[in-house]
Amino acid sequence: MRSDIEIADSVELSEIREIAGKAGIQEKYVENYGRYKAKIDLSFLFDNGEKKDGKLILVTAITPTPLGEGKTTTTIGLGDGLRRIGKNAVLALREPSMGPVFGVKGGATGGGMAQVAPMADINLHFNGDFHAIEAANNLLCAMVDNHIFQGNELCIDPSSITIRRAMDMNDRELRHIVVGLGAKNGVVREDGFDITVASEVMAVFCLSSSLMDLKKRLGEIIVGYTYDGKAVNAKDLKAEGAMTAILKDALKPNLVQTLEGTPAFIHGGPFANIAHGCNSVLATKMALKTGDYVVTEAGFGADLGAEKFFDIKCRTAGLNPSAVVLVATVRALKMHGGVKKQDLILPDSQAVAKGVVNLVRHIRNIKEVFSVPLVVALNHFVSDTEEEIREVEKACLGEGVEMIISKAWEKGGEGSRELAEKVVQLSEESSLLTYAYDLEDTIEDKIKKVVSKVYGGVKVTFAPTVRTKIKKAVEIGMGNAPICMAKTQYSFSDDPKKLGAPEGFTLTVRDIRISKGAGFIVVLTGEIMTMPGLPKESQAEKIDVLEDGRIVGLM
């Protein structure tokens, strides 16, 4: 069996200007990054502001397992499938982080016959966007420490600094560090690194609607507090202009293609367990001006990525999705039904029958909490049995939802044709998005509503310092901001061991972070790593470069 990168390398791609032309983008807006990648100037979006938007289709998933459920593969296959049935479809996806590429998860460009390309370039720092985000973040950190060293005119309390350095790599040694050691090297204090995709600069980048909106949001980032408790922003340090200069070119959305030539915007990439999990607003809006159907995705399960897509991104950008595709796999449902990872290859329809409670809760959330029409896509594996598939179908029918088998990995767009036809049908239905909470709710009530409506919990407890921080958030004008729940992706609860659809649990909020630039409040629950570590056997050990320059070992 050929690997994903071998399949990707075997396909002859079209020149990127041809792909841009297919998307209706004139040559004057296209900035080539080699033959197969480009950035699209923001003027295209503003010059086409009066053009009618296409229909927005969200692909999300059930609660994932460490094996991965093929959400990106299904998304790409659906875009190709829509093209196969004669629809003008465009993709809007997140950029991969190099942390997972070299860690456990691997790349994020799809798989099999449903991939975006050039696969190696996209997975390995793409057009430099993440490096720019990292540099802008670290410039701000350097300016904070330099301000304190140079006399601290703003009276910043070094123990209150909230901004952390960033790097797009998994490196556990950098989670907690001490800076400023040595004579005349600065003020000694504790610090640390977050992975770039967890930084507020990444969130700001993805939610900005223009270059000047980016500059304004960057200026609002809170870096710490004065000795008397007043917030200090990036604009107080006069940092926002230089940060914007670093990000000016990165802010332009990237255009690539699928193996079947479907145009794909790939731009921005915050994680959904520790950030809001969606590609940039600018890329989505640009895609909506080029395609009659825009297929996008949100990270991890629907309790995280989809909730934040609806409650944060759609609300912020004024988007109204027409339909949702909920991806499920038989093997994930077996795990939610109690089967151990090493036994998932074995047939077990009874375990599927137990595990479908997870699927059912996600279905009900999308239908009842967010009011968007949906279809379930069962990402097919050769180990799936007819009995197991019937259990999934029975659960879907019980909820009044159709289940369609997706064979995107095996057959690309042709394996997604039936799913594409169903999505077109669903998108003709009336859809008026509703939210899990109102912005006017108190911060505590917003958290409680997400926990009760989406997660299935009954109670929220707050660590002693949290209410003080909530009060501070209200004081600085963030009381009406949306919330961004930071939670394990492996459970509806804050305990990754509680699989299926746990009920009656208490969720503990251990901390909150005020992301004033991004415009939301991050709510930290459980043990969420903002700087992951590499596993004992990492993907990095398998990646190599051949004499002709070809990269091998990526997955």
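**Note on a cavity and ring contacts**

1. In this predicted model, the largest cavity has a volume of about 40 Å³.

2. The lining of the largest cavity is made up of E95, P96, M98, I122, H125, F126, F130 and D168. By class, five of these lining residues are nonpolar, one is polar and two are charged.

3. Three aromatic pairs are present in the structure. One of them joins F309 and F310: the ring centres are 5.6 Å apart and the planes meet at 70°, so the pair counts as edge-to-face, the cut-off for that class being over 60 degrees. F309 has 0% relative accessibility and is therefore buried. F310, also at 0%, counts as buried.

4. F310 also pairs with F370, in a tilted arrangement with 4.6 Å from centre to centre and 40° between the planes. F310 belongs to helix α12 (residues 302-317), whereas F370 is in the loop between α14 (349-369) and β17 (374-379), so this pair ties together parts that are 60 residues apart in sequence. F370 has a relative accessibility of 2% and is classed as buried, since the cut-off is under 20%. Together, F309, F310 and F370 make one aromatic cluster.

5. Which charged residues lie over tyrosine rings? R315 places its charged end over the ring of Y435, at 4.1 Å from the ring centre. K487 lies over the face of Y455, 4.8 Å from the centre of that ring.

Key. Residues numbered from 1 in each chain as written. Predicted model: local features only at pLDDT ≥ 70, side-chain atom pairs only at ≥ 80, totals over all residues. Heavy atoms only, no water. 1 Å grid on protein atoms, 1.4 Å probe; cavity = no way out; pocket = protein on both sides within 12 Å on 5 of 7 lines; lining within 4 Å. Points joined across faces, edges and corners; volume = space filled by probe spheres on them. Nonpolar A, V, L, I, M, F, W, Y, C, P; charged D, E, K, R; others polar. Phe/Tyr/Trp six-rings, centres within 6.5 Å; stacked < 30°, edge-to-face > 60°. Buried < 20%, exposed > 50% of the residue type's maximum accessible area, 1.4 Å probe, protein only. Helix = DSSP H or I, 4+ residues; strand = E, 2+ residues; numbered from the N terminus. Lys NZ or Arg CZ within 6 Å of the ring centre and 35° of its normal.
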